[in-house]
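Work through the exercises below with the coordinates open. Each task is followed by its solution.

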There are 2 protein chains.
Amino acid sequence: MSADPSHPALRRDARLNRERIVEVAHDLFARRGLDVPMAAVARHAGVGMATLYRRFPTKEALVGEVFSHQFDTCVSVVDDALADPDPWRGFVTLVEKVGEMQACDRGFSAAVATAFPADVAAERALGRVTELIDRAKAAGELRADFAVTDLALVLMANDGVTTDSPAATRTASRRLVAYLLNSFRAEHAGVPLPPPAPMSVLPV
Amino acid sequence: MSADPSHPALRRDARLNRERIVEVAHDLFARRGLDVPMAAVARHAGVGMATLYRRFPTKEALVGEVFSHQFDTCVSVVDDALADPDPWRGFVTLVEKVGEMQACDRGFSAAVATAFPADVAAERALGRVTELIDRAKAAGELRADFAVTDLALVLMANDGVTTDSPAATRTASRRLVAYLLNSFRAEHAGVPLPPPAPMSVLPV
């Protein structure tokens, strides 16, 4: 029996199923990362695999839906950062806010890596991130050898910071981000850095 | 039938089993981290669960055996660092070498967290690490607000750095470690840091 979208009761069931799947998946991704199998999502949501795959044909589609709110927040954080008249403060705001979002949600950075690049909004956001970086460099505040992929490095490093307590994780994450931001200052660019790795977390 | 240690053929079988288990476990831990279940180790090693648990009564025992060589290397890295007459160069050597070991082996930092602290050698090593930190601070080269747990932070952050290619992972890890070391310099300690989190990767 397939769902009939013209039937109100079935439509309502389908919507509730969808909401339940997204909620359960968000909880699982946040606690255990994106490696959680689709079968576990279906089991925890109390739906069959057929229903799960009817709502979300691929895991990427589910990840995209689960993190759509955070993606939107990310884009607005970039906009806010660019709106700041102080180039360095704008850059710091971006790195700190994204770091915070990530420290609260283990699946988020992995989601950025797998689902964000496919999104049109992500390309626009990346253009603005590049603008933010260039502006902070032009102001002589961000070191000239800072690479866009260094933001990916911050995300990955921050993702590695996990402790038994969510509060301790947030504290540790804040300290790591502060150490890195301190090193990104042009005035602290003394010793030459090893080259950046050929990689992209944000689409490059 | 239980193994009779006085019987040469059985002793040899037991030894080969043990070596095979350690080798297989090392490979699995390095590629997938310490979350690999004991059942997967047994399956890949071609032994039964009973044999696996007879050789290694707990997962911690297996982890300890698998990484015993790296633990020894860690301890000797600390000794080498302290033998360096230059306090800052000694500190940098420690952070860089441990970072490299970690970038080559995904299971290693997790092993440090779970198995290393139980070891007597680890306590001695920690005493020497603290000496190395104090010495670099006294020389005015390491920032005064550097905490021992910041080494744990380096390990965790570095552990988060993974890419599809082992070479790119090593490159990215080297750049992250360079950024952090740059921030650890006393001369770059401008802005106050957020406090360290109450945590221990190395035993504190």
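The exercises that follow concern a predicted model.

**Exercise 1. State the secondary-structure content of chain A and how much of the chain is buried.**

Solution. Start with the element count: chain A has 10 helices and 0 strands. Read from the N terminus, the order of elements is α-α-α-α-α-α-α-α-α-α. Next take burial: of the 204 residues in chain A, 38% are buried. Last, take the contacts in chain A with a separation of 6 or more; 68% of them join residues 24 or more positions apart.

**Exercise 2. Classify the packing of H9(A) against H10(A).**

Solution. Step one is the geometry. Helix H9 of chain A spans residues 149-160 and helix H10 of chain A spans residues 166-184; their axes come within 10 Å and cross at roughly 150°. Step two is the class: angles over 145 degrees count as roughly antiparallel, so H9(A) is roughly antiparallel to H10(A). The crossing of H9(A) past H10(A) is right-handed. Step three is the residue list. H9(A) contributes A:Val154, A:Ala157 and A:Asn158, while H10(A) contributes A:Ser173, A:Leu176, A:Val177 and A:Leu180. Sorted by class, this contact of H9(A) with H10(A) holds 5 nonpolar, 2 polar and no charged residues.

**Exercise 3. Describe how H6(B) packs against H5(B) and against H9(B).**

Solution. Take H5(B) first. Helix H5 (residues 68-83) of chain B packs on H6(B) at an angle of about 160°, and the axes are 8 Å apart. That angle makes H5(B) roughly antiparallel to H6(B), and H5(B) passes H6(B) in a right-handed crossing. Among the residues in this contact are B:Cys74, B:Val77 and B:Val78 of H5(B) and B:Phe91, B:Leu94 and B:Val98 of H6(B). The classes are 9 nonpolar, 4 polar and 2 charged in the contact of H5(B) with H6(B).

Now take H9(B). The axes of helix H6 (residues 87-103) of chain B and H9(B) cross at roughly 35° and come within 10 Å. Here too the crossing, of H6(B) past H9(B), is right-handed. B:Val95, B:Gly99, B:Gln102 and B:Ala103 in H6(B) meet B:Val154, B:Leu155, B:Asn158 and B:Asp159 in H9(B). The contact of H6(B) with H9(B) comprises 4 nonpolar, 3 polar and 1 charged residues.

**Exercise 4. Identify the relation between chains A and B and describe the surface between them.**

Solution. Begin with the superposition: chain B is placed on chain A by a rotation of 180° with 0.0 Å of shift along its axis, at RMSD 0.1 Å. This is therefore the relation of a two-fold axis. The same surface serves both copies, as 100% of the contact residues of chain B recur in chain A.

Then inspect the contact, which takes 29 residues from chain B and 29 residues from chain A. On the side of chain B that touches chain A, the elements giving two or more residues are helix H9 (149-160) and helix H10 (166-184) of chain B. H10(B) supplies the largest share of that side, 11 residues. By class, the side of chain B that touches chain A has 18 nonpolar, 8 polar and 3 charged residues.

**Exercise 5. Is B:Val148 buried, partly exposed or exposed?**

Solution. Locate the residue: B:Val148 lies in the loop between helix H8 (120-138) and H9 of chain B. Count its neighbours: B:Val148 has 16 C-beta neighbours inside 10 Å, so B:Val148 counts as partly exposed.

How values were computed: Residues are numbered from 1 along each chain as its sequence is written. Chains are lettered from A and ligands numbered from 1 in the order in which they are written. This is a predicted model: local features need pLDDT of at least 70, side-chain atom pairs count only at pLDDT 80 or more; totals for chains, interfaces and linings use all residues. Axes are lines fitted to C-alpha atoms, for helices over the stretch in contact, and angles run from 0 to 180 degrees between N-to-C directions. Helices (H or I, at least four residues) and strands (E, at least two) are DSSP runs, numbered from the N terminus. Angles under 35 degrees count as roughly parallel, over 145 as roughly antiparallel, 65 to 115 as roughly perpendicular and the rest as oblique. A crossing is left-handed if the near helix is turned anticlockwise from the far one by less than a right angle, and right-handed if clockwise. Two residues are in contact if their C-beta atoms, placed from the backbone, lie within 7 Å. Ala, Val, Leu, Ile, Met, Phe, Trp, Tyr, Cys and Pro count as nonpolar, Asp, Glu, Lys and Arg as charged, and the others, Gly among them, as polar. Copies are superposed by least squares on the C-alpha atoms of residues with pLDDT of at least 70 in both. A residue is buried if 20 or more other C-beta atoms lie within 10 Å of its own, exposed if 12 or fewer, and partly exposed in between; C-beta atoms are placed from the backbone.
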